[in-house]
Amino acid sequence: MNNTIETEIEKKKRLRKVATATIVGSMLEWYDFYLYATMASIVFAKVFFDTSDPGTAAMQAFATFAIGFIARPIGGIFFGYFGDKFGRKKMLFVTFLLMGVCTTAIGLIPTYDTIGVWAPVLLVFFRIVQGLGAGAEFAGAAITSYEHASEEKRGSQGAWPALGLNLGLLLSSLTVFLLTLNGDEFLINGGWRIPFILSFVLVLVGLWVRKSLPETPDYAEVKVEKVKYNPFKHIMQTNMKGLVVVFVIAIGYNALSYIFKTFSLAYLTQFKGVSAHVTSLSVTIASLVAICTIPFFGWLCDRWNSKKVLMLGGGLSLLFAYPFVKLLETGNDISIYIAVAIGTGILAPMMFAPQGSFLSRQFPVENRSTGVSSGRELGTAIAGGFAPLGALGLVAASPTHSTTGVIVILTLAALLVVLTAACDQGYRFSKYKN
C-alpha cells in the first residue's frame with residue numbers, strides 16, 4: 001500500500017482531510033433531511049399546496065419527504081457503480097454538489113399562492129434530484145473512512161459519517177429552535193427559507209475540502225488490476241448474500257431511525273398539538289447526546305467488533321419500542337425529550353456507528369461501493385420513506401389515533417437488525433476484525 005512510504009505527519013494530515021470530508025458531507029445530508037422533515041410536517045402544507053383541505057395538504061407535503069427516497073436507490077446504484085469504476089473521491093464530489101445545490105434551491109421556490117401547481121412540481125423535482133445525490137453519500141463517506149483507516153481503527157473511523165449525521169441534526173434542529181423562539185408564525189411566514197438558503201455556506205466548505213481529498217489506499221491498490229470489470233454483475237454472480245445482508249439491515253435500521261426522528265415530529269405536531277419549538281429542542285438534545293455516544297460506539301467496534309455493537313443496538317431498540325411510543329403519547333415536554341434522546345441519541349447511533357465498517361466488509365474492494373450503495377439505498381428507500389409515512393397513516397386511520405401499529409413496526413424492524421447482523425459474512429473478504 002501507499003501507506004508504507006507515508007510519514008506519520010503525512011498520515012495525520014491525510015486522515016484530517018478524510019475526517020473533514022466525510023463528516024461535512026454527512027452533515028449536509030442530514031441537515032437537509034431533518035430540516036425537510038420538520039418543514040414538511042409544519043410548513044410545506046401551508047405554502048406549497050392547496051390549503052382548502054388541510055388534511056390532504058398535510059399528507060401531500062409529508063409524502064414529498066418519501067419521494068426523495070424513491071430516487072435514492074437509483075442514485076445509489078448509479079454513483080456506487082461509478083465509485084468502483086472511477087474512484088471514491090470523484091463520486092464524493094459529485095454527490096455532494098447535487099445535494100447542496102438542491103437544498104439551497106428548495107429555499108428559493110415561490111409559494112403555491114404565487115405560481116400555483118408549479119410550486120409542488122418544483123419541490124418534487126428538487127427533492128428527486130437531491131435524493132439521487134444522497135443515494136450514494138453515506139456509502140461513499142463510510143467506504144472512504146473505512147478504506148483510509150489502519151487495521152485497528154476501521155470500526156471507529158467507519159463511524160465518522162454517523163458523527164456527521166448528528167452534527168447535521170444538531171445544526172438543523174438548533175436552527176429551527178432559534179427560528180421558533182416566538183412561535184411558529186415566523187417560520188410559516190417565510191422564516192423557513194433561511195436555513196435552506198444558508199446551507200450554501202456548508203456546500204462551499206464541503207466542495208473545497210472534497211476537491212483536495214486523496215483517493216483511498218485500498219482502491220488505489222486494486223485499480224491497476226481492473227481492466228474491463230462490471231462490479232454490479234460480479235456481485236450478482238458471486239455475492240448475493242452480502243447484498244441481501246446490507247439490504248435487510250438498511251430496512252430494519254431505517255425503519256427504526258426514521259420513526260424515532262421523523263414520525264415522532266409529525267405525530268407530535270399533528271395529533272398532540274406540540275409546537276415546533278419543543279420538537280426541535282428534543283432533536284437538538286438528542287443530537288448532543290449522539291455526538292457524545294458515537295465516538296464511544298466507534299471505539300466499542302474496535303474493541304468488540306461492529307457486528308456485536310449492531311446487534312446490541314437492535315436488541316435494545318426492541319425493548320424500547322413500547323416505552324418510546326407511550327412517552328410520545330403523553331404529549332409532555334419532558335417525556336418527549338426523554339423518548340427522542342434515547343431513540344435518536346443512543347439507540348440509533350448504536351446501530352448506525354457500526355455500519356461504516358460492518359457494511360463495507362461485506363464486499364471486496366473491487367465492488368464495495370456498488371454493493372453498499374445499491375443494497376443500502378434499496379433498503380433505505382423502502383423503510384426510510386415509507387415506515388414513518390405508514391406509521392403516520394396507521395395513526396390517522398385509527399378512530400382513536402391508536403399507536404399500536406407503530407409499536408408493531410418498531411418491533412419487527414428491531415428483529416430484522418438483530419437477525420440479519422448475525423448473518424455477517426465480512427470475515428470471508430477481509431483480514432480485519434472490523
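Modeller: Before we start, a definition: buried means under 20% relative accessible area. And keep in mind that this is a predicted model.

Biologist: Thanks! So is Leu123 buried or exposed?

Modeller: Leu123 counts as buried, because its relative accessibility is 0%.

Biologist: Which helix is Leu123 found in?

Modeller: Leu123 belongs to helix H6, which covers residues 118-148.

Biologist: And what does Leu123 touch, leaving out residues up to four places away in sequence?

Modeller: Its contacts are Tyr36, Phe44, Phe48, Phe49, Thr64, Ile106 and Ile109.

Biologist: Let's switch to the core. How many residues has the largest nonpolar core?

Modeller: That core has 123 residues, and Met39, Phe44, Phe48, Trp192, Phe263, Phe324 and Leu410 have the most contacts inside it. Helix H1 supplies the largest share, 17 residues.

Biologist: What does Phe324 touch, again skipping residues up to four places away?

Modeller: Phe324 is in contact with Ile259, Phe260, Ser264, Ala339, Val340 and Leu410.

Biologist: Now pockets. What volume does the largest pocket have?

Modeller: About 340 Å³. Its lining has 18 residues, and Ser41, Ile42, Lys46, Ala58 and Gln270 lie nearest the centre.

Biologist: Which helix gives the most to that lining?

Modeller: H3 does, with five residues. Helices H1, H2, H3 and H13 each supply at least two.

Biologist: How many of the lining residues are nonpolar, polar and charged?

Modeller: The lining divides into ten nonpolar, six polar and two charged residues.

Methods. Residues numbered from 1 in each chain as written. Predicted model: local features only at pLDDT ≥ 70, side-chain atom pairs only at ≥ 80, totals over all residues. Heavy atoms only, no water. Helix = DSSP H or I, 4+ residues; strand = E, 2+ residues; numbered from the N terminus. Buried < 20%, exposed > 50% of the residue type's maximum accessible area, 1.4 Å probe, protein only. Contact = heavy atoms within 4.5 Å. 1 Å grid on protein atoms, 1.4 Å probe; cavity = no way out; pocket = protein on both sides within 12 Å on 5 of 7 lines; lining within 4 Å. Points joined across faces, edges and corners; volume = space filled by probe spheres on them. Nonpolar A, V, L, I, M, F, W, Y, C, P; charged D, E, K, R; others polar. Core = buried A, V, L, I, M, F, W, Y, C linked by side-chain atoms within 4.5 Å.
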